Every structure is written in structure tokens, then in C-alpha cells.
Amino acid sequence: MKIQNVTDKAFKKYGKVVTGIDFSDMLAVMKQKEIPADVVYEPGLPELEACASAKDLCESVYGGMPIQVGHCSGNNNKLNAVEYHRDSEVNISVDGMILLLGKEEDIEDDFTYDTAKIEAFLVPAGVAVELYATTLHYAPCNSEKTGFRGIVVLPKGTNYELTKKPDKTPEDKLITHVNKWLIAHEDAKIAGAFNGLKGENITL
């Protein structure tokens with residue numbers, strides 16, 4: 001698969017590079033953490049949320065909405081699933097990482113999605129990107145053999161456990177956590193997920 005860069009024009013339909021905010025405080029926090037052998041996601045970390053740049057993100061990128069700042073780190077080379085939220089997600093690359101991205105509008109009426117539509121983008125170390133609400137994404141992939149560390153910013157409460165599983169609309173079957181709609185590949189064997197990814201479980 002061709003690996004593009006988030007600075008390329010092709011990325012514009014998925015998101016944009018975040019400029020004007022100094023993320024060195026968050027990057028310093030993450031560089032103290034070891035890269036896990038497997039993928040680990042934590043929605044919020046107090047030491048990241050205490051950073052000055054977290055306040056800047058809250059005020060500028062999210063227009064004052066309450067946010068959470070966590071991380072997704074580890075080793076990964078597969079697509080496995082795609083997810084989307086009702087709002088933008090900011091990813092800040094610590095070591096360099098590759099995002100596998102698609103568009104919500106390409107999801108079929110039966111909530112299946114053809115993985116042939118996925119595109120890959122390198123987020124260089126130290127670069128932050130905003131992924132739009134309509135951008136399909138999931139755990140980053142390694143750009144280096146040593147794995148990846150990524151800071152993940154979302155509106156507060158996202159990706160936490162549901163208090164009630166809704167069943168009113170057809171799309172509800174995709175909801176796995178708060179503000180999280182997920183379509184999995186059957187090869188990934190994600191418990192409780194809707195297996196709607198058609199085609200190859202993309203491997204980098």
C-alpha cells in the first residue's frame with residue numbers, strides 16, 4: 001500500500017495538520033513512557049491533561065468544549081476495524097506513526113465497508129493532526145520497528161463504557177462505547193463488534 005504524508009493534498013478530505021500550538025510538554029510526558037508490546041489505549045491521563053497545550057487545544061481546536069487527553073501506544077501493523085465519532089479527534093505523533101483512513105460516506109446502507117477504499121498516511125514525529133468526524137480510523141500502525149506512541153484528544157467522555165446499549169436506530173448496532181461507532185473485520189475477532197469490513201484486513 002502506498003504510504004502518503006499528512007502534508008499531502010490527499011489528506012485534506014480526512015483532516016488537517018494542527019499548527020500554532022506548542023505540544024512539547026505533552027511530547028515530553030509521552031517520551032517518559034515505554035512503548036508497550038501490544039496496543040494500549042487510555043482515554044485520559046492526568047499528566048497529559050495538566051499540560052498547558054491541553055488548555056490550548058480545549059480553547060482553540062474544540063472551541064471551549066471539555067476534552068480528554070489520553071494515548072494509544074504499542075505495536076500494530078493491521079487495520080482490524082474502523083471507528084468514527086460525532087466530532088473531530090486530534091492525534092499527536094510522538095515517534096512517527098501511520099494512520100489508515102477512510103470516509104464515513106463510503107459505508108454501505110447495510111453498514112459494510114470495503115477496505116479497498118482505505119488510504120495510509122504517515123504522521124511524522126511531533127506532528128499533530130485533526131481527524132474530522134466523518135473520517136474512519138482506528139489504532140495507528142508502526143512507522144518504525146520499535147512501535148508507536150500517539151496522544152489522542154477527544155471530547156470528554158468519549159470511548160468510556162456505555163451505561164446503556166441503545167437499540168432505536170439501525171446504526172445503533174455499531175455503538176460499542178460512548179461516542180464510538182465501530183465496524184470490525186472478522187479476522188480481528190473483536191468481542192461484541194459488528195463485523196462489517198469487507199475485503200482484506202490491511203497489513204502494512
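Which residue in S4 is the bridge partner of Glu42? That one is His71, and I'll build the talk around it.

Quick caveats before we go on. This is a predicted model, where local features need pLDDT of at least 70 and side-chain atom pairs count only at pLDDT 80 or more, while totals for chains, interfaces and linings use all residues. Residues are numbered from 1 along each chain as its sequence is written, and side-chain values use heavy atoms, with hydrogens and water left out.

So, the strand. Eight of its eight residues are buried, so S4 is largely enclosed by the rest of the structure. Buried here is under 20% relative accessible area, exposed is over 50%, and partly exposed is in between, with a 1.4 Å probe and protein chains only. Ile67, Val69, His71 and Ser73 point one way, Gln68, Gly70, Cys72 and Gly74 point the other way.

Now the neighbours. S4 runs antiparallel to S3, residues 40-42, with three bridges joining them. It also runs antiparallel to S13, residues 148-155, this time with eight bridges. For pairing, DSSP has to find at least two bridges between two strands. In S13, Val152 is the residue opposite Gly70.

Back to His71, which is buried at 4% relative accessible area. Its side chain makes a polar contact of 2.6 Å with the side chain of Glu42, and another of 2.8 Å with that of Ser73. A polar contact is a pair of N or O atoms within 3.5 Å; within protein, one must be able to donate a hydrogen and the other to accept it, and residues adjacent in sequence count only if both atoms are side-chain atoms. Leaving aside neighbours within four places in sequence, His71 also has contacts (heavy atoms within 4.5 Å) that include Met30, Leu45 and Gly150.

And what sits out at the surface? Pro170, for one: it lies in the loop between S13 and strand S14 (175-177), and at 59% relative accessibility it counts as exposed. Its C-alpha atom is separated by 9.7 Å from that of Asp109, 61 residues apart along the chain.

That's my tour: His71 in strand S4, buried, with Glu42 as its bridge partner.

Key: Helix = DSSP H or I, 4+ residues; strand = E, 2+ residues; numbered from the N terminus.
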